[in-house]
Every structure is written in structure tokens, then in C-alpha cells.
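Subject: Structure handover

Hello,

Please find the structure below, followed by notes on what was found in it.

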Amino acid sequence: MEYRIDRDAHSLLDPRTKLLLLFTSSVFVVGNAGEKWMFVFYWILVFLPVLLLFIEKEWKAGIISIAIYIASFYAQKSLQHDLTVFESALALMLYIITKILPTAILARYIVKTTKVSEFLAAMNRMHVTDKLTIPVSVIFRFFPTVMEESKSINDAMRMRGVEMGAGKAAEAVEYRMVPLIASCSIIGEELSAAAMTRGLDVGKKRSCIWNISFGFPDVIIITLCLICFIWWIVGRFYI
Amino acid sequence: MNNRLNAKDLINVGIYTAISAVICCLVAMTGVIPIMMVLLVVFVPILTGIPYMMFLTKVKKFGMILILNILMGALMWVTGMSYYALIVGTITGLIAELIYRIGKYSSKWHGIIAYAVSGLYCWANYIGIFFNADAYFSTRQNFGQDYIDAITKMLPPWMCPVLLVVDLLCGVIGGWIGSKVLKKHFEKAGIA
Amino acid sequence: MINFTNVSFQYTEERDCLKNIDLTINDGEVVLVCGPSGCGKSTLVRCVNGLIPHYYQGRMTGSVTVGETDVSKTTLRKLSRHVGTVFQNPRSQFFNVDTTSELAFGCENFGIDPGDIEQRINAVVNRHDLGKLMDRSIFKLSGGEKQKIACASIAVEPIDTVILDEPSANLDYAGICELRKMIEAWKEEHKTILIAEHRISYLFPYLTRALLMNSGEIVKEFKAEEIRSLSEEELHRLGLRAEELQDPADISIDMEEGKTNDNKMVLSNMKYSYKGEQPVFDIPQMELPKGEIIGITGTNGAGKSTFLRCLCGLERSCKAVLKVDNEVWNNKMRRRNIYMVMQDVNHQLFTDSVLDEVMISQRTEDREEALEILDSLDLKEYADKHPLSLSGGQKQRVAVASAIASGRNIILFDEPTSGLDYSHMLQVSELLKKLRDNGKTVIMVTHDIELIKNACTVVIPFASLKK
């Protein structure tokens with residue numbers, strides 16, 4: 001069967017929309033701006049990331065996230081009065097989970113569904129400097145590498161029987177960190193060499209194979225984000 | 001030598017940001033034990049010192065430290081800390097950049113101090129709790145006063161400067177450990 | 001045309017890596033640069049793709065030109081429009097996370113019109129039948145598949161010179177066949193091809209010339225027919241691999257019937273599958289003779305490495321048990337009694353000196369015994385060195401030393417000779433035999449035919465187990 005690259009293949013949202021949504025979510029969900037005034041938007045922003053996961057057919061991750069969210073939300077609500085210090089600390093922890101989880105899911109969604117190439121092009125159109133976008137795209141690329149490497153090192157430690165008891169915390173850290181950084185540093189050297197022989201450079205014009213443009217879903221999300229900010233400003237300065 | 005940042009420098013920034021971020025994440029996960037919340041300013045600076053000192057061996061041009069800090073701040077922010085991390089991170093990154101520059105991008109102690117200063121984005125995460133404590137809890141009035149009292153007992157306002165100092169000190173310790181490990185391992189192995 | 005005029009290069013003060021190289025390569029030639037490890041062949045090709053002097057710093061004299069361009073006076077970016085490179089390590093040469101973008105990456109950097117890139121990608125993908133590998137995450141590909149993508153991404157670029165720096169180091173038989181097809185296609189397009197390698201026989205049909213290097217100098221130049229006619233012994237004497245391209249499934253060795261050890265270990269319930277997928281392997285029961293060097297052979301991506309991880313007790317979801325003598329070992333017991341030398345040895349060396357590395361493996365630390373072990377592996381002089389500063393083969397021996405120190409009797413190896421030249425392969429082979437003589441059981445997965453023929457006393461094709 002003949003292969004034809006589908007240049008329009010992309011996830012539901014444009015990278016720029018994803019970042020705007022992430023920004024909005026950080027402000028209103030994590031930062032809790034507007035508080036009660038933003039009630040409706042708050043809940044939309046909390047559950048939107050899960051909806052996005054479902055659209056990407058990540059059923060399991062989506063359901064687990066919802067379960068964790070609801071569990072910690074109600075657990076935290078039930079811990080209300082006459083709390084011991086321990087209970088209040090627990091409540092604080094649960095509260096933090098309910099704040100962080102939606103944004104964390106959104107961040108994961110963005111990393112999983114955004115192509116490096118697409119991201120570089122989208123940022124370039126917004127005139128964001130390469131000096132930020134190249135490192136960010138390397139982070140995308142490198143998270144899984146760091147995970148792979150540390151898993152492998154962890155295996156080696158288990159196999160060699162140098163799993164640590166409490167008394168040897170320093171070694172536990174040293175034995176993990178040293179091979180990890182050594183490996184990553186070597187991979188990094190080779191990665192830079194490979195990228196540079198393929199013409200990657202700073203501040204030069206790139207083209208992008210992917211057609212990136214705003215579609216209907218982008219319009220909805222962008223409108224939502226704008227309304228959030230407008231509603232917040234109205235609430236804050238005019239009422 | 002050319003003083004413009006090239007692709008290699010930026011890739012290095014990305015790599016060490018990724019390593020530091022993974023370590024931060026792992027430490028933050030131990031936040032299951034609530035007291036760890038406060039101890040973040042102890043463990044993050046101590047543990048990220050090792051990759052950071054390795055990173056500094058790659059820094060020879062202006063801008064790399066600053067970019068790493070901006071990215072760490074931004075990552076902190078989007079993963080649910082507070083935007084103070086980004087603001088403070090940018091400022092301290094710039095200061096650290098200047099400190100390390102004074103050390104001609106090679107001095108060990110300038111590096112350690114630069115690390116301690118740049119690591120203050122970690123402390124910045126608490127600013128929200130201290131300065132906006134009322135706002136922080138007012139949305140959650142169903143928590144009741146007891147709860148808020150309990151939390152404020154754990155984090156009284158005077159803790160704010162204390163944590164700052166703790167963060168700085170741990171930064172120095174972490175940087176010092178990092179430079180020890182660098183000498184013990186990476187320099188000896190010839191990869192730094 | 002590539003031209004070297006009296007080129008010398010040193011990475012550091014101590015060692016010359018290239019000495020007075022004079023060389024002219026015409027357009028459309030396919031030139032092999034071969035020689036034992038450390039002979040300078042990688043350094044030579046780095047002078048052509050510009051990594052020397054623009055990326056790896058050192059002292060360089062003389063000049064290299066590619067076409068009209070003087071390599072040292074241009075930039076890597078400008079040079080990258082003419083020269084493309086496939087590197088050795090498939091893990092570290094991708095900038096993108098998805099394969100399709102990786103194919104487009106070089107062209108995007110040059111700012112080529114996306115419509116053109118689209119056509120180029122379609123052409124390359126169809127020509128090499130890569131449709132199945134498109135739109136995938138590079139983290140989900142096997143080593144051979146990654147190398148195919150690396151080649152394809154160079155093929156997409158509109159360049160005239162292709163550099164291959166030990167491209168077959170991590171490839172098995174099938175992977176090498178694919179690599180050959182790529183080289184054939186480039187040759188048809190009249191690209192100039194420069195290959196640094198020590199596995200050479202697979203390249204014979206395409207070569208126009210071969211250069212033999214030793215200690216930074218070109219010591220001999222062969223015409224294509226000459227190198228083809230070299231006998232196995234002659235190749236070995238030059239430090240080169242002589243294996244014929246052969247499907248590992250067809251290998252047989254003389255297993256001396258009846259002489260193999262009757263004392264067998266029995267592995268049962270060996271089953272593993274990734275979450276929600278078909279099992280990678282499902283072996284109800286198999287026998288592993290004790291005291292032998294067992295080679296488990298098979299292609300890349302068949303699950304051989306996973307097999308070793310399970311055998312070593314590192315996969316929690318695998319519930320296999322191993323019966324040794326009268327004991328039954330579960331995962332935890334196997335982790336304590338079996339030692340695995342990983343493919344990437346860097347991951348299992350933790351301390352700051354070779355001696356410490358051995359001592360932390362001992363049940364009770366005993367310096368004298370540790371030194372003895374190091375001596376038996378020719379590592380004594382490195383006792384105070386940092387393990388990570390050693391060469392690949394030495395690191396492997398350090399890992400073996402710590403295996404011996406741990407007193408374990410079963411030692412696993414994951415592709416112990418990937419990327420090694422002939423003499424280093426022989427060293428590994430000797431090492432394995434020595435372990436066997438000391439009563440250890442060695443189990444390794446490999447696709448290295450020469451190693452299998454040299455060292456193995458028992459061969460088990462992995463495919464025969466999977467059913």
C-alpha cells in the first residue's frame with residue numbers, strides 16, 4: 001500500500017491553543033484567581049483536561065484521574081472541623097491534589113500530543129525566541145529518556161543487591177544520580193552532534209511539514225479562555 | 001570563541017532542566033508525608049545540586065543559567081506550584097548568571113553561590129501561602145477556622161524568611177555536595 | 001569530491017588521532033574506512049561532516065574540503081546541506097519524538113518548502129517500505145527500526161554525501177539487510193558514501209575502495225576486488241570482522257553430544273507481555289544446562305532482552321521459577337543468585353573506583369580477594385581508576401569482576417559484543433570461556449555469529465522457544 005504523509009494530521013488543538021489553555025488553567029485552577037466569582041469556569045477548567053484525554057482515547061488515564069480527583073475532593077471536604085495537626089496537614093495535601101491534578105493532566109496531554117516540529121513552528125509564529133523553544137522541545141524529548149535510563153539503573157541496583165536501607169541514604173542517591181547524569185550527559189552530547197549535522201541552529205528560519213492552523217475546536221477553547229479572563233476582570237474591577 | 005548561544009548550548013539547557021525537573025518531581029511526590037511539603041526547600045536544593053554543578057561545567061556563555069531558571073520556574077508554575085516561582089526564578093537566574101560570570105564561568109565557589117541563589121524558585125512556591133494566606137484559604141471557607149489555624153500554625157509568617165535562609169543554606173550545601181561528586185566522579189571519569 | 005590535504009588531529013595533547021592524512025574521494029564513490037577500534041576511522045569521518053573542528057575541539061592542521069567548501073571555514077549548518085550522517089547509537093540521534101517529524105527534521109531546518117518535503121518523504125517511505133514505522137513514537141521502536149529511521153531521515157535530505165559512522169554496531173541480520181538496501185539506493189543516486197566500520201562483508205557488493213587505518217594513519221588502500229578476496233585469517237589479522245552475512249536462525253554449532261552437562265536447570269512458567277498486548281514469549285518449560293555457555297539467538301526486537309530481564313528476576317509481572325539443583329528460585333531468589341551484565345554497562349557501575357566496584361559486591365569486603373579477581377581479569381592496574389573512564393570492553397570486565405566477587409554462579413550477558421571489533425570480540429569470547437572453566441554458567445543473548453561460533457557450547461534459537 002502506498003504511504004502518503006498526512007500533513008494535516010494533528011491532535012484536536014493547535015499548540016498555541018494548548019498553551020493558552022494551560023496558562024488559563026494555571027491562573028484560575030491553581031492560582032484560584034477570582035475565587036467564587038469564577039465558580040462555573042473553575043469547574044469547566046477542572047474537567048476539560050479529562051475530556052481532552054477521552055478525545056485522545058486515553059480512557060484509562062482519564063478515568064483514573066477523575067477517580068483520584070473526586071476521592072480527594074470529598075475526602076478533603078469531610079475533613080473540616082476540630083482537626084488535629086496531622087488531619088489538617090492531610091487535608092492540605094488533598095486540597096493541593098485537587099488544585100494540581102487538572103493542570104498536571106493538561107500538561108501531560110500537551111506533552112503527549114504535541115509534535116516537536118509543530119511546537120517549534122507554532123512558537124516561531126508567535127515570535128518566541130529559539131532560545132526558549134529549543135530547550136523546551138529537548139525537555140519533551142528527554143523526559144522519556146531520563147525515565148528509561150533511571151529505570152535501567154534501578155534494575156541494576158536491584159540486581160546487584162545494593163538497594164538501600166535507611167542508613168545508606170547518601171549512597172542510594174549517589175549510585176542513582178551518578179550513572180544517570182553520566183548517561184544523560186553522553187546521550188546529550190551525541191544528540192547535539194546529530195542535531196547540528198542536520199542543520200539545527202539558533203535564530204534561523206525553519207519550515208514545518210505540519211499544517212498548523214486554528215480550527216473550530218481552537219476557536220471554542222480560545223473563546224472560553226478569553227471569556228474567563230474578561231469575566232474575571234469584570235468581577236474584579238466593576239462589581 | 002563565539003559568544004552567541006548555539007544549538008549545543010540550548011540542548012544542554014534542555015537536558016539539565018529535564019533531569020532537574022524529574023528529580024523535583026520525585027521529591028515532590030514524597031510530599032505524601034505532609035511535613036515534606038515544608039522540607040521541599042531542603043531536599044530539592046540538596047538533590048538537584050549534582051546535575052546543576054555538572055550543568056555549570058557546560059556553561060561558558062551568558063544566558064544558559066537564566067534560561068534554565070525560567071524553564072524551571074515555568075515548569076513549577078504549570079505543574080501547580082505558583083507563578084511566583086517563575087518571577088523569582090527569572091530574577092534569581094539573572095543574579096546567578098552574573099555571579100557565575102564574575103567567576104569567569106569556572107570558579108567553583110562562584111558556581112556554588114550561583115546555584116544557591118538560582119535555586120530560590122523553590123522557596124518562591126511558598127510565597128503564595130504567606131502573602132496571600134487569606135486569599136489562599138478564603139475560597140475554601142468550608143475548611144473552617146480550625147483548619148486554617150492549624151495550617152497557619154504550621155506555617156507562621158516568620159517562617160517565610162526562615163525558609164528563604166534554609167533554602168539558601170541548603171543550596172550552598174547541595175552545590176558543595178554537587179561539586180564534590182563532580183570531582184569524585186565526573187572529573188575523575190573524564191566526562192566533565 | 002572530498003579532499004584531505006595533510007590533515008592531522010588531536011583531541012587532547014597526549015594522543016594523535018589522525019596523522020598526515022592525504023586522501024581524495026571522487027563523487028559517487030563508496031569508500032569503506034576500516035580498522036580496529038581506536039584506529040581513527042570515526043575521527044576521519046568526523047572531519048568530513050564538520051563535527052571536527054566545529055563540535056569536537058582539538059588541534060587540527062591541514063585542510064579538508066567537501067566540494068568547493070573548506071570544512072573548517074564554513075559552519076555546521078551550511079555543511080549539513082551537503083553532508084548527512086548516520087551515527088552508531090540509535091538512542092541518541094533523534095531530535096523529535098515521532099518518526100515522521102524526524103524524517104522531515106533536516107529539510108525543515110534548511111527551510112525547504114513543506115510541499116517538497118512531503119514529496120521527498122513519500123518517495124523515501126515508499127521506496128523502503130517504511131509505512132509501518134511512520135507516525136510512531138521513537139521510544140516504541142527496536143534498535144533496528146530506529147536505525148532504519150535514521151537512514152531514512154538522511155535519505156530525505158537533498159544532500160550529495162552520506163557518512164555512516166559504524167551504522168551496523170547495534171544491528172542484527174535483518175537490520176543489516178535493510179541497511180544494505182539503503183546503501184544500494186544511495187549508490188544508485190550517485191551519492192558519495194563514506195563508511196567507517198569493522199563489520200565489512202555486508203558492504204562488499206557496493207564498495208569502490210577500502211581504506212585500512214591503524215593508529216591514525218591510512219596504512220593500506222584496497223581496491224574493491226582485493227578486499228573481497230581477503231581470506232578470513234587475513235581479515236582477522238587486520239583486526240576486522242569476517243563474518244558472512246547469515247541468518248542467525250540458520251547457525252548450528254557442533255554441540256558435542258553427550259559431552260554437555262547433564263545437570264540441568266529447569267525454567268518454567270516463563271511468560272511476559274506488555275500491558276494489554278499479546279505475550280512477547282510464553283514458555284511453559286525449558287531446560288538450561290549448567291556449566292555451559294548458552295547462546296540465545298534471535299533478531300532485534302524479538303524480546304531477547306526482556307527474556308534476560310525476566311530470567312534475572314527484574315520483571316515483577318513475570319512469575320517464572322527456576323529450579324537449580326534442589327532449590328526453586330522465585331524472582332527475588334534469582335535477583336540474588338544471578339548476575340546480569342547489561343548491554344549498556346554504564347548503568348551498573350556506581351562507585352568511583354574499579355576496586356570499590358568489586359568490593360561492594362562482596363558479601364564481606366575483602367580487599368585482597370578483590371585485587372585477585374581484578375588481576376585474573378587483567379584489571380589490576382586500573383584498580384584506582386573511575387569505572388566510567390575505562391573503555392567499553394574494560395567496563396564489561398569490571399562488571400564481570402563484580403559478578404565473580406558476588407559469588408553468583410549464573411551470569412547473563414545482553415549482547416556483549418555489539419559494536420566490538422575482532423580482537424575485542426575474541427577477548428569477550430575468552431572471558432566467557434574462562435568463566436565456564438571456573439564453573440559458572442553463562443547465558444547470553446546475541447546476534448553476533450562470530451561470537452556464537454567462538455564461544456557458545458549450546459545454542460538455543462529464541463524463535464524455537466516462543467511457540
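A helix here is a DSSP run of H or I with at least four residues, numbered from the N terminus. This is a predicted model, and the notes below should be read with that in mind.

Backbone first. In chain C, the peptide bond that leads from Ile52(C) to Pro53(C) is cis, and its omega is near 5°. Pro53(C) sits in helix H2 of chain C, which covers residues 51–54. Most peptide bonds are trans, and most residues other than glycine have a negative phi.

Asn6(C) has a positive phi, near 45°, and belongs to strand S1 of chain C, residues 2–10. Is Asn6(C) buried or exposed? Asn6(C) counts as exposed because 11 other C-beta atoms lie within 10 Å, and the cut-off for exposed is 12 or fewer.

His127(A) also has a positive phi, in this case near 60°. His127(A) is found in the loop that runs between helix H5 (116–125) and helix H6 (130–160) of chain A. His127(A) has 6 C-beta neighbours inside 10 Å and is therefore classed as exposed.

On the domains of chain A: the assignment gives domain 1 as 12–115 + 213–239, and domain 2 as 127–209. Taken over C-alpha atoms, the centres of domain 1 of chain A and domain 2 of chain A are 29 Å apart.

Next, the contact between chain A and chain C. How many residues does the contact take from chain A and from chain C? Chain A provides 44 residues and chain C provides 54 residues. On the side of chain A that touches chain C, the elements giving two or more residues are H5, H6 and helix H7 (169–197) of chain A. H7(A) supplies the largest share of that side, with 13 residues. By residue class, the side of chain A that touches chain C consists of 23 nonpolar, seven polar and 14 charged residues.

Last, chain B. Chain B contains 11 helices and zero strands, so the order from the N terminus reads α-α-α-α-α-α-α-α-α-α-α. Chain B has 192 residues, of which 54% count as buried. Among the contacts in chain B with a separation of 6 or more, 75% are accounted for by residues 24 or more positions apart.

Regards

Definitions and conventions: Residues are numbered from 1 along each chain as its sequence is written. Chains are lettered from A and ligands numbered from 1 in the order in which they are written. This is a predicted model: local features need pLDDT of at least 70, side-chain atom pairs count only at pLDDT 80 or more; totals for chains, interfaces and linings use all residues. Domain bounds come from an automatic or database domain assignment. A residue is buried if 20 or more other C-beta atoms lie within 10 Å of its own, exposed if 12 or fewer, and partly exposed in between; C-beta atoms are placed from the backbone. Two residues are in contact if their C-beta atoms, placed from the backbone, lie within 7 Å. Ala, Val, Leu, Ile, Met, Phe, Trp, Tyr, Cys and Pro count as nonpolar, Asp, Glu, Lys and Arg as charged, and the others, Gly among them, as polar.
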